[in-house]
Amino acid sequence: MTFDQIKTFLWVARLGGFRKAADRLNLSQPAVSTRIANLEQELRVSLFARGPGELVLTKHGTLLLSYAEQMLFVEEEIKQRVANPSEAEGLFRVGASETIAQAWLPDFLMAFSAQYPRVNVDLTVDISLNLRAELLERKLDLALLMGPVSEFTVENVVLPSFDLHWYRSTENAQTDLSKIPVISYSSKTRPYRELMSELSRRIGPKLRVYSSASLSASLKMIAAGIAVGPYPRALANDFLEAGQIVEFDPGFRPQPLSFTASYLSEPRSFLVENSADIAREVAEAWTKTHPM
């Protein structure tokens, strides 16, 4: 019996399948199957009831799972308290919303790489709804997203929020929201839903809204005079400094964008926990040097 077999068993049990565990461990599915078969042969018991649908733990498998979780916890404790972080290896899968990507994500990746120079990074930039789903499906280790994620299995580290300010083109002075379209975040996001609710109440049927998952494209559309919209000042700075857009006040401001560094609490990973703390520290430092 080997530790790799125990770790493989834990991920098959947690993810409910050999293929998912193979993806998580960066192994082939036959390699995972072989490890489980060898472990069952060593223990002389069946660990899974193999039937239609997801795998189900047997009585022996349930008992082994509790020991496997304790073993992985001890491994993480050793890595945290004894091992040199700069010698850590593996793959770190991080997802970030575009707001974060356009702001302090490069600083975060630099800080993470400085602490874990031998860890490979797989980066996903997407809307928070998709990042949340990938986190819960264990396809991401850390998600920097509009949070918190309201699941008991998820830990949320609060990050600095982004205030929203209204912008229009310097070439188009129109700010009557009943006469010019409003551009906002993707229609699948909370800021879009909140903005639509408020504008529908204030403007009524004359309201026209464009939605876009691309912040850079949205700000370019504002600069071109196609629409107006509320976005973080820090992300609009280049357009402001170029004299392409200006702020204006339509009489109300949407709620700030709240973000968290979110990760699954089990099985415990000190690398992931540390990465969430790094994200918070980097975000707080970035916020102090950029107008919000």
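Helices, in this predicted model, are DSSP runs of H or I with at least four residues, numbered from the N terminus.

Q: Which residue just after α2 takes a positive phi, and of about what value?
A: Helix α2 comprises residues 18-25. Just after this helix, N26 has a positive phi. The residue asked for is N26, and its phi is about 60°.

Q: Why do the buried residues of α2 line one face of the helix?
A: The buried residues are F18, A21 and A22, each with under 20% relative accessible area. An α-helix has 3.6 residues a turn, so residues three or four places apart point the same way. Viewed down the axis of α2, the buried residues therefore line one face, falling within an arc of 105°.

Q: Against which helices do the buried residues of α2 pack?
A: F18, A21 and A22 are buried in α2. The partners in this packing are α1 (3-15) and α3 (29-43).

Q: Which are the edge strands of the open sheet of five strands?
A: The strand order is β4-β3-β5-β12-β6, with mixed pairing. An edge strand pairs on one side only, which is the case for β4 (119-125) and β6 (154-162).

Q: Which residue of β12 stands opposite V154?
A: Strands β6 and β12 (residues 257-264) are paired in the antiparallel sense over seven bridges. Opposite V154 in this arrangement stands L264.

Q: At about what angle to β5 does helix α7 run?
A: Helix α7 (residues 128-136) lies across β3 (90-96), β4, β5 (142-146), β6 and β12. Relative to β5, the helix runs at about 150°.

Note on methods. Residues are numbered from 1 along each chain as its sequence is written. This is a predicted model: local features need pLDDT of at least 70, side-chain atom pairs count only at pLDDT 80 or more; totals for chains, interfaces and linings use all residues. Side-chain values use heavy atoms; hydrogens and water are left out. Buried means under 20% relative accessible area, exposed over 50%, partly exposed in between (1.4 Å probe, protein chains only). Helices (H or I, at least four residues) and strands (E, at least two) are DSSP runs, numbered from the N terminus. The arc is that of the directions from the helix axis to the C-beta atoms. Contact means heavy atoms within 4.5 Å. Two strands pair if DSSP finds at least two bridges between them. Axes are lines fitted to C-alpha atoms, for helices over the stretch in contact, and angles run from 0 to 180 degrees between N-to-C directions.
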